[in-house]
Amino acid sequence: MGGNVQLVRTNTISGVGVLDKAVLILTACTNGASLAELVHETGLPRATAHRLAQALEAHEMLQRDHEGRWRPGPKLGELAGSTADVLLSAAEPVLNLLRDQTGESTQLYRRRADERVCVAAAERASGLRDTVPVGAALPMTAGSGAQVLLAWEPPEGILPLLPKCRFSSKTLAEVRRRGFAQSVAEREPGVVSVSAPVRDKTGRVVAAISVSGPIERLGRRPGDRLGMAVIRAGQKLSGL
């Protein structure tokens, strides 16, 4: 296990033991977890952690990635999107159009504490692509989506994270100046992305809309090609 593992044990107790344990498992899998990591992070016996993770996988609350690690499953995204959400309702056609315009996968991210969550996505139909499942939690320390979600934050929302980031305060200033962010192999080797802000009626940044794909196709300056399209998509979703 890596040195960045954080214990997720919590004092929140509902009185329903199996439910409390299932929530521990779900929380531990936010950024992906092996069985050994589940045991370490939750403090549950190995057999219990394995049984609950398998049950949550059967209900599509969890899913396995290509390394066999458990991650948030599609059912969580469905449940999260089942309540009235004007932004999510408007996002699907905008993401589909942006995908069709650019020929690349598109995503919508919201910040959740020190991570960003993919709340909607439109995948490129075929060929090499960057796939980010709805419900996936990604770090706020790398990637153009993270840059956008941080760029307009007040200093107290940025400074604690900056030492961990793969970008600098100068990068964020540039994002504010040009209105979009771009990243090259920041979050994942071989992947580039371009993101722009989505704002609420007060002008506050509430989400980031992104296009991502392989560096072989988009090059090392993806913003030159995709920046304006992503900005316009963000503007369509702003002010809702």
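1. Helix H5 spans residues 86-102, 17 residues in all, and runs 25 Å from first C-alpha to last, close to the expected 24 Å; that expectation is 1.5 Å times one less than the number of residues. Helices here are DSSP runs of H or I with at least four residues, strands are runs of E with at least two, and both are numbered from the N terminus. Do keep in mind that this is a predicted model, where local features need pLDDT of at least 70, side-chain atom pairs count only at pLDDT 80 or more, and totals for chains, interfaces and linings use all residues. Residues are numbered from 1 along each chain as its sequence is written, and side-chain values use heavy atoms, leaving out hydrogens and water.

2. After the helix comes Gly103, with a positive phi near 75°.

3. Leu87, Leu88, Ala91, Val94, Leu95, Leu98 and Thr102 of H5 are buried, meaning under 20% relative accessible area with a 1.4 Å probe, protein chains only. Their cover includes strands E3 (105-112), E4 (115-122), E7 (191-199) and E8 (205-214), plus helix H10 (222-237); contact here means heavy atoms within 4.5 Å.

4. Zooming out, the protein chain has ten helices and eight strands. Of its 240 residues, 46% count as buried. Among contacts between residues at least 6 apart in sequence, 56% join residues at least 24 apart.

5. On overall dimensions, the C-alpha atoms of the protein chain fill a box of roughly 50 × 40 × 35 Å along the principal axes.

Technical notes. Buried means under 20% relative accessible area, exposed over 50%, partly exposed in between (1.4 Å probe, protein chains only).
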